[in-house]
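Please read this note with the structure open beside it. It is arranged as numbered points, each on one topic.

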Amino acid sequence: MSLAPDREVRSRDELVALVRELHQDYLRRGHEWENQSLDRFLEALAAWMDDSPGAYRNAGKQLPEEGDWTFLARALHAATVYE
């Protein structure tokens with residue numbers, strides 16, 4: 001499973017579907033993931049977000065400034081307590 005550089009997530013429903021795809025991929029082949037523990041996953045997430053302007057540039061894209069960063073931040077935080 002990968003998010004190709006030309007694939008856009010345009011709605012909350014598409015984001016939910018992507019996260020579910022990631023979850024299913026982890027259940028099937030999580031042993032192949034580079035970051036198999038939550039601490040390594042979160043560290044990699046922070047590192048990639050920090051480096052994301054370069055990743056976008058390398059893909060010939062521009063980092064979207066209008067992204068709803070607060071929604072993503074709330075979702076990540078809520079996952080620490082949500083059942």
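1. **Basis.** The structure under review is a predicted model. The values in this note should be read with that in mind.

2. **Fold.** The chain contains three helices and zero strands. Read from the N terminus, the order of elements is α-α-α. The helices are α1 (12–29), α2 (38–58) and α3 (69–78).

3. **Dimensions and contacts.** The C-alpha trace spans about 35 × 25 × 20 Å along its principal axes. Of the contacts between residues at least 6 apart in sequence, 25% join residues at least 24 apart.

4. **Burial and surface.** Of the 83 residues in the chain, 7% are buried; a residue counts as buried when its relative accessible area is under 20%. The chain exposes about 7300 Å², and 54% of this area is supplied by carbon and sulfur atoms.

5. **Charge.** The side chains include 10 positive and 16 negative ones. The centres of these two sets lie 4 Å apart. Six salt bridges are found in a search of the whole structure, and the points that follow take up several of them.

6. **A salt bridge between separate parts of the chain.** Which residue forms a salt bridge with Lys 61? The partner is Glu 8, and the closest N and O atoms are 3.9 Å apart. Lys 61 lies in the loop between α2 and α3, while Glu 8 belongs to the segment before α1, so this pair ties together parts that are 53 residues apart in sequence. Lys 61 is partly exposed, at 34% relative accessibility. Glu 8 is also partly exposed, at 40%.

7. **A network of salt bridges.** Four residues, Asp 25, Arg 28, Arg 29 and Glu 32, are linked in a network of salt bridges. Within it, the side chains of Arg 29 and Glu 32 meet at an N to O distance of 2.8 Å. Arg 29 has a relative accessible area of 29% and is therefore partly exposed.

8. Is Glu 34 buried or exposed? Glu 34 counts as exposed because its relative accessibility is 61%, and the cut-off for exposed is over 50%. Its salt-bridge partner is Arg 40, with 3.6 Å from N to O. Arg 40, at 41% relative accessible area, is partly exposed.

How values were computed. Residues are numbered from 1 along each chain as its sequence is written. This is a predicted model: local features need pLDDT of at least 70, side-chain atom pairs count only at pLDDT 80 or more; totals for chains, interfaces and linings use all residues. Side-chain values use heavy atoms; hydrogens and water are left out. Helices (H or I, at least four residues) and strands (E, at least two) are DSSP runs, numbered from the N terminus. Buried means under 20% relative accessible area, exposed over 50%, partly exposed in between (1.4 Å probe, protein chains only). Contact means heavy atoms within 4.5 Å. Accessible areas come from the Shrake-Rupley method with a 1.4 Å probe; for residues, only the protein chains shown count as cover. Lys and Arg count as positive and Asp and Glu as negative; His and the chain ends are not counted. The place of a charge is taken as NZ of Lys, CZ of Arg, CG of Asp or CD of Glu.
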